[in-house]
Amino acid sequence: MVSQTVELLKKEIPLDQESVVLAEDTVNGLVLVDIINGFCTVGAGNLAPREPNSQIRGMINESARLAKVFCEKKLPVMAFLDSHHPNKPEDPYPTHCIIGSDESNLVPELRWLENEPNVTIRRKDCFDGYVGSIEEDGTNVFVDWVKKNKITTLVVVGVCTDICVLDFVCSTMSAKNRGFLNPLENVVVYSRGCATFDIPLEVATDTKGALAHPQEFMHHVGLYMAKERGAKIASEVLIGARFNI
C-alpha cells in the first residue's frame with residue numbers, strides 16, 4: 001500500500017533531477033546537515049534508526065565520498081551537528097542529541113572531518129542550521145563562512161530531507177534572494193546524499209504522540225519542496241566536465 005501511494009505521489013508531483021557540474025574556477029562549498037549518531041547510527045538514541053536502513057546508509061556513504069573530494073581539493077566544508085541542552089526540549093520530538101553525548105557527534109564514517117583544516121563544525125540547538133548559526137551578538141556563523149570563502153555554489157547533504165535539510169535550504173534561499181549571502185548564486189541538494197526516517201502508520205498509531213512518517217514518501221516531498229524554494233535537486237554531482245564525485 002505504501003509503495004502504491006509513493007508511486008501515485010511521484011506521478012502527481014514529479015521531481016525532475018539533474019546532473020550538476022560544479023565549475024572549478026569558482027568556489028564551491030559543502031554543507032553536511034546532522035549526519036550524527038543520534039539520527040543515523042542504529043540504536044544510538046531516541047531518534048536513531050532501530051535497524052539498518054538502506055536510505056540512511058546510502059546517504060552516509062555518498063556524503064562521506066563527497067566530503068573526501070571537497071577536502072582533497074581544500075574546498076570549504078561546514079558540518080551542522082544537532083546538539084541540545086537537556087532542559088530545552090524540541091517539540092514534538094523526544095529528548096535527543098544532548099550536548100556532550102555521543103548522539104550529537106558525527107557518525108564514525110565522518111569523524112575524520114574534525115581534523116580537517118577546511119572544515120567548520122557548528123553545533124546547533126534547533127532544526128534550522130541557518131537560524132542555529134546566529135550568535136548572541138546577532139552575527140551569523142554560516143553567513144560569515146559563505147562570505148569569507150566567497151562561495152558561489154553550495155551543495156547540501158544530510159538528514160532529515162524534509163526537516164532539518166529542508167528548513168536550512170528554505171532559510172538559505174530566502175537569505176540569498178534578499179542579498180544577504182553574496183556572492184552565493186546556487187544551492188544544490190544532492191538527493192542521494194540525503195535521507196529521512198521511517199515511522200509506518202501502524203507504528204505511529206500504537207505510539208503516543210508519534211506522527212506517521214513514511215520514509216520514501218517524505219524524502220520525495222522534502223526534495224520537491226526544496227525545489228519549489230529554488231534549490232537545484234541533483235541526482236549526481238560532478239566537478240569539472242569529467243570528474244564524477
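## Exercises on a predicted fold

**Exercise 1. Where does helix H6 bend, and how many of its residues are buried?**

Solution. Start with the axis: helix H6, residues 161-177, bends by about 25 degrees at Asp167. The bend at a residue is the angle between axes fitted to the seven residues ending there and the seven starting there. Helices (H or I, at least four residues) and strands (E, at least two) are DSSP runs, numbered from the N terminus.

Next, look at the cover. Of the 17 residues of H6, 14 are buried, and the helix is mostly covered. Buried means under 20% relative accessible area, exposed over 50%, and partly exposed in between (1.4 Å probe, protein chains only).

Residues are numbered from 1 along each chain as its sequence is written, and side-chain values use heavy atoms, with hydrogens and water left out.

**Exercise 2. Describe the overall build of the protein.**

Solution. Begin with the secondary structure, which comes to eight helices and eight strands. The radius of gyration is 17 Å, close to the 18 Å that the globule rule gives for 245 residues, so the protein is as compact as a globular protein of that length. Here the radius is taken over C-alpha atoms, and the rule is 2.2 Å times the number of residues to the power 0.38.

Then take the extents: along its principal axes, the C-alpha trace spans about 55 × 45 × 35 Å. Of the 245 residues, 50% count as buried.

Now turn to contacts, meaning heavy atoms within 4.5 Å. Among those with a separation of 6 or more, 75% come from residues 24 or more positions apart.

**Exercise 3. How many aromatic pairs does the structure hold? Work through two of them.**

Solution. The structure holds six aromatic pairs. In the pair of Tyr93 and Phe127, the ring centres are 6.0 Å apart and the planes stand at 75 degrees, so the pair is edge-to-face. The criterion is this: rings of Phe, Tyr and Trp (its six-membered ring) pair if their centres lie within 6.5 Å, and planes under 30 degrees apart count as stacked, over 60 as edge-to-face and the rest as tilted.

Tyr93 is in the loop between strand E3 (77-82) and strand E4 (119-124), and Phe127 is in the loop between E4 and helix H4 (129-132); the pair links distant parts of the chain, 34 residues apart. Tyr93, at 24% relative accessibility, counts as partly exposed, and Phe127 is also partly exposed at 24%.

Move on to Phe142 and Trp145. Their ring centres are 6.0 Å apart with planes at 35 degrees, so this pair is tilted. Both residues sit in helix H5 (residues 141-149), three residues apart, and are separated by about one helical turn. An α-helix has 3.6 residues a turn, so residues three or four places apart point the same way. Both Phe142 and Trp145 are buried.

To finish, widen the view: ring pairs link Phe80, Tyr130, Phe142, Trp145 and Phe168 into a cluster.

**Exercise 4. Is His84 buried or exposed, and which residues is it in contact with?**

Solution. First locate His84, which lies in the loop between E3 and E4. At 3% relative accessibility, His84 counts as buried. Leaving aside neighbours within four places in sequence, the contacts of His84 are Glu90, His96, Cys97, Ile98, Ile99, Asp125 and Cys126.

Follow one of these contacts, Cys97. Cys97 is placed in the loop between E3 and E4, has a positive phi near 50 degrees without being a glycine, and counts as buried at 0% relative accessibility.

Key
This is a predicted model: local features need pLDDT of at least 70, side-chain atom pairs count only at pLDDT 80 or more; totals for chains, interfaces and linings use all residues.
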